[in-house]
Amino acid sequence: MQRVLTGIQASGKPHLGNLLGAIEPAIQLSKVANRESFLFIADLHSLTTIKNPAIMQDNTYAVAAAWLASGFDYKQNFIYRQSRLAGFHTELMWYLNCLTPFPMLANATSFKDKSENLADVNAGLFTYPVLQAADILLYQSHLIPVGKDQSQHIEMTREIGGKFNRTFGENFVLPEAVINPDVMTIPGTDGRKMSKSLNNYIDVFLNEKDLMKQIKGIISDSKLLEDPKDPETDVTFKIFSVVASESEVEELKEKYLAGNFGYGHAKKALFEVIWTRFEKQRVLYNQYMNDLPELDKILKEGESRAFLIAQETISKVRMALGYA
Ligand code: ADP
Ligand code: TRP
């Protein structure tokens, strides 16, 4: 049995880019036979940047609801909040801290980036990769589906875990990152990478009116209705092509090239395709968000099952360290 594990920070409501770039591919990976998946909300990591408890909670629920609405099978797998198992995660983090060379953290790209760009440069940002290593090693995970930006953190996890194994005996599985080079970067409404922080995202869980409003905000050039249009450069077309089927994309392309087809028409077509493609997810997402006790129940179940696995590793590690 191989274990797949990934963590998602509680940084906001997942958007179209997150769904197509991260959530759906990780769910596919979890459906392969002989795999067991651990999906957790890294809400301890989010504390490095979010200092508002209400926002932290909202984001946590939104992330959990998006995964469940996208088809994560929580009964066969595990979904949990890192904060609810904080005892184990941070205990292991401390042991790993004592095996992590200071320069490894000081030279980490993500720390350098964050310390240059954030006003609040706290120690949590510095030790962030060690907590991430603890998240992974605690569940003896084999495969870690992540974006390219996380590859250094997985490499650090292997180094720290390897050092522990060499010093105190084989205690950890050393994980491998699964980075899908084919996952394209979904553009946002302004043509840059779709991102929460750029406020250029499309939220597929919105109602009809608000979704249409976001889609209407997609930039376009100033060609007239009758002019032929260039599908290669148009943002509406680019977004359409990652959501629609091949034949729908071909059909829209012909309309662009033929002329007498305006950007307003294209946006209507994009709206229709998003509205239909995410219908089931939208209903489920809103159902979960309107029934937080049910969402809590699912998370608590996941947490009590994950607890047993984390406890097993921690007992073994305490023994290895001479603490038992
Ligand atoms: P955001 O930029 O909106 O804050 P995150 O950095 O939290 O998104 O990313 C969460 C996951 O979603 C990552 O695995 C990342 O690779 C993926 N992702 C984010 N934005 C996009 C995008 N525009 N296209 C494809 N994947 C994306
Ligand atoms: N650092 C990851 C991110 O920002 C989130 C994360 C925390 C994670 N712990 C993890 C990802 C463990 C994979 C495995 O995207």
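I call a residue buried under 20% relative accessible area, exposed over 50% and partly exposed in between (1.4 Å probe, protein chains only). This is a predicted model: local features need pLDDT of at least 70 and side-chain atom pairs pLDDT 80 or more, while totals for chains, interfaces and linings use all residues. Residues are numbered from 1 along each chain as its sequence is written, and side-chain values use heavy atoms, leaving out hydrogens and water.

**Entry: salt bridges**

My rule for a salt bridge is a side-chain nitrogen of Lys or Arg within 4 Å of a carboxyl oxygen of Asp or Glu. The count comes to 11.

I looked up Glu303 and found a salt bridge to Arg81, with the closest N and O atoms 2.7 Å apart. Glu303 is in helix H13 and Arg81 in strand S3 (residues 78-81), 222 residues apart; helices (H or I, at least four residues) and strands (E, at least two) are DSSP runs, numbered from the N terminus. Glu303 is buried at 8% relative accessibility, and Arg81 is buried at 2%.

Next I checked Asp221 and Lys223, which meet at 3.3 Å, N to O. Asp221 is partly exposed at 35%. Shared partners join Arg81, Asp296 and Glu303 into one salt-bridge network.

**Entry: H2 and H13**

How do the axes of H2 (residues 53-69) and H13 (residues 292-321) cross? They cross at roughly 80 degrees and come within 11 Å. I call angles of 65 to 115 degrees roughly perpendicular, so H2 and H13 are roughly perpendicular to each other.

Conventions:
Chains lettered and ligands numbered in written order. Axes fitted to C-alpha atoms, helices over the stretch in contact; angles between N-to-C directions. Parallel < 35°, antiparallel > 145°, perpendicular 65-115°, else oblique.
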